[in-house]
Amino acid sequence: TETAVKYGSHYSKSLFHSNAQNHALNQEELKRFKEVFFEKHQREPYINIGFSGIMTENDTQTARVKKEVENDPNFSFIIPNIIGTPNEFYDKINELKELYLIDDFTFLDQSFHMSKRIENIQILSELFQLNQISSV
């Protein structure tokens, strides 16, 4: 955050690294950053939150994937923030947006197959109506 304040640059925060799991701390950190940034630059900072997850098709698959992730040491550093159905993703992303008052998000899809990752991006695009956003 110090570099972003010093140079007036955008700020991105990862929620999926194992050392970023305390959301309350991150929220307080972002609040302090916004205040200091505004004092120095007289404008709001542009903030991006990075999160990760695995999209599932139903509750049964969600439960299975959560159990697999718990027992897989490959998920000890990059921890999925969301494991759930498209509707659960939609709700959680909106919750993160409200919690952190972010401008943008970056999603790291931890699905096991590339074809599923492409499908998930298409689903998120439809859920958030990204195909209806026009450029200015």
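Figure 1. N48 is found in strand β2, where helices (H or I, at least four residues) and strands (E, at least two) are DSSP runs numbered from the N terminus. The model is predicted: local features need pLDDT of at least 70, side-chain atom pairs count only at pLDDT 80 or more, and totals for chains, interfaces and linings use all residues. Residues are numbered from 1 along each chain as its sequence is written, and side-chain values use heavy atoms, with hydrogens and water left out. With a relative accessible area of 9%, N48 is buried; buried means under 20% relative accessible area, exposed over 50% and partly exposed in between (1.4 Å probe, protein chains only). Leaving aside neighbours within four places in sequence, N48 is in contact with Y11, S12 and K13, and also with D104, F105 and T106; contact means heavy atoms within 4.5 Å. The C-alpha atoms of N48 and S14 are separated by 8.6 Å, although these residues are 34 apart along the chain.

Figure 2. Eight aromatic pairs are found in a search of the whole structure. Rings of Phe, Tyr and Trp (its six-membered ring) pair if their centres lie within 6.5 Å; planes under 30 degrees apart count as stacked, over 60 as edge-to-face and the rest as tilted. The ring centres of F51 and F107 are 5.3 Å apart and their planes lie at 35°, so this pair is tilted. Because F51 belongs to strand β2 and F107 to strand β4, the pair ties together parts that are 56 residues apart in sequence. F51 counts as buried at 2% relative accessibility, and F107 is buried with a relative accessible area of 15%. One aromatic cluster is formed by F51, F89, Y90, F105, F107 and F128.

Figure 3. T62 lies in helix α3, which covers residues 59-70. At 5% relative accessibility, T62 counts as buried. Apart from neighbours within four places in sequence, T62 is in contact with T56, I83, G84, T85 and E88.

Figure 4. F89, I93, L96 and Y100 are the residues listed as buried in α4. Seen down the axis of α4, the buried residues fall within an arc of 60°, so they line one face of the helix; the arc is that of the directions from the helix axis to the C-beta atoms. The face turned away from the buried side of α4 carries the exposed residues N87, D91 and E98. After α4 comes L101, whose phi is positive, near 50°.

**Figure 5. Helix α5 and what covers its buried residues.** Helix α5 (residues 114-127) has 14 residues, and its span from first to last C-alpha is 20 Å, close to the 20 Å expected at 1.5 Å a residue. Its buried residues are K116, N120 and L124. Seen down the axis of α5, these residues fall within an arc of 75°, so they line one face of the helix. The cover over them includes β2 (47-55), α4 (86-100) and β4 (104-109). On the other side of α5, M114, S115 and E126 are exposed. Just after α5, Q129 takes a positive phi of about 55°.

**Figure 6. The protein chain as the setting of the close-up views.** The chain has five helices and four strands, following the pattern α-β-α-β-α-β-α-β-α along the sequence. Its C-alpha trace spans about 50 × 40 × 20 Å along the principal axes. Of the 136 residues, 35% are buried. Among contacts between residues at least 6 apart in sequence, 72% join residues at least 24 apart. The mean pLDDT of the chain is 88, and 91% of its residues reach 70 or more; pLDDT is the predictor's confidence in each residue, from 0 to 100. Confidence is lowest in helix α2 (residues 23-41), at a mean of 83, and highest in strand β3 (residues 82-84), at 96.

Methods:
Expected span 1.5 Å × (residues − 1).
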